[in-house]
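Work through the exercises below with the sequence and the structure in view. Each task is followed by its solution.

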Amino acid sequence: MSDEHGHDPEPLSDVERRARALEELLTEKGIVSSEFIDQVVEAYAQDIGPMNGAKVVARAWVDPEYKRRLLADGTAAIAELGFGGPEGDHIVAVENTPDVHNVVVCTLCSCYPWPVLGLPPNWYKSPPYRSRMVREPRAVLAEMGCDVPDDVEIRVWDSSAEVRYLVLPARPPGADGTSEDELAGTVTRDAMIGVAR
Amino acid sequence: MRPEVRRMTGEAALPRQNGELVFDAPWQGRVLGMALALVEQRGLEWDDFRQRLIAAIDADPTRPYYESWTAALTDLVVDLGVAGAGEVDSRAAHVEA
């Protein structure tokens, strides 16, 4: 974590210390690996957090007035749906259009909007993603299976403690008459980070 | 998600916000992940953890939910002989921020 990113090192709470101690003991003794815990947490994060963000996106797709508010003040519009809390201050929504594809990174650490996306995936915190996405986003996106046409501009947003970004993906074509709930079910975490379209 | 985790009801149920599971901080996810991983790797039943979680909640009903998870995980780690209670305590005291 970097001070430049505004992460004042806060003293660990007792329960955080205990959680850290348990993980150290379990991994040192070879009972479970940190990677396996990562996988479990990632599975749960995928099941858990991003549904909040998906609801925000679906609402924006069906309600132009809500979308306007979301793009004007992400944090407030997200709070309208009852989502907020730690790591949820100053969320800025950036909209994908036919001409622009947005992708989010945090080059210095792993700033991430927990209330709408849950816990960050492992790769988001990895040094290669953080460094390469800024330098060669088109290549990294392609490696991740996200091909962005050459005539579409890629905008890379560097998250910080001050601002966390949420990508508003384009509404799928031909989805007229689809309910908001059904639409929410189509929104993936990766699309809201911008590594999927 | 393991169906038996999803189905946990009563006071052992996972907290939900707007119908979805949420963590307030990363350590909560680590504790959840450790409990699931430990049960998986040791070939235990999920109930082996769940019963300790219910006991931990009973012991201190006003304690925040994931702090009870941490207490239950400590009990499981100690009961399995992975580490002694004193070892967990002293390690926790020396964790660096």
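**Exercise 1.** Find which residues of α3(A) meet which residues of α4(A), then describe how the two helices cross.

*Solution.* V56(A), R59(A) and A60(A) are the α3(A) side of the meeting, and Y66(A), K67(A) and L70(A) are the α4(A) side. Contact here means C-beta atoms, placed from the backbone, within 7 Å. Helices (H or I, at least four residues) and strands (E, at least two) are DSSP runs, numbered from the N terminus. The model is predicted: local features need pLDDT of at least 70 and side-chain atom pairs count only at pLDDT 80 or more, while totals for chains, interfaces and linings use all residues. Residues are numbered from 1 along each chain as its sequence is written, and chains are lettered from A and ligands numbered from 1 in the order in which they are written.

Next, take the axes, which are lines fitted to C-alpha atoms over the stretch in contact, with angles from 0 to 180 degrees between N-to-C directions. Those of α3(A) and α4(A), the latter being residues 64-72, come within 5 Å and cross at roughly 125°. The two helices are therefore oblique to each other; angles under 35 degrees count as roughly parallel, over 145 as roughly antiparallel, 65 to 115 as roughly perpendicular and the rest as oblique.

**Exercise 2.** Locate the largest nonpolar core and identify which members touch the most others.

*Solution.* A nonpolar core is a set of buried Ala, Val, Leu, Ile, Met, Phe, Trp, Tyr and Cys residues joined through C-beta atoms within 7 Å. Buried means 20 or more other C-beta atoms within 10 Å of the residue's own, exposed 12 or fewer, and partly exposed in between, with C-beta atoms placed from the backbone. The largest core has 36 residues, and V57(A), L166(A), V167(A) and M192(A) touch the most other members. Helix α3(A), residues 50-62, gives the most to this core, with 7 residues. A second, separate core of 32 residues includes A19(A), L26(A), A35(B) and A71(B).

Now follow M192(A): leaving out residues up to four places away in sequence, its contacts include V57(A), L166(A) and V167(A).

**Exercise 3.** Is strand β4(A) mostly covered or uncovered, and which strand does β4(A) pair with?

*Solution.* β4(A), residues 164-168, is mostly covered, with 5 of its 5 residues buried. R164(A), L166(A) and L168(A) point one way, Y165(A) and V167(A) the other way. In a regular strand the side chains alternate between the two faces of the sheet. Its partner is β1(A), residues 91-95, in the parallel sense over 5 bridges; pairing requires at least two DSSP bridges. V92(A) stands opposite Y165(A).

Conventions: Two residues are in contact if their C-beta atoms, placed from the backbone, lie within 7 Å.
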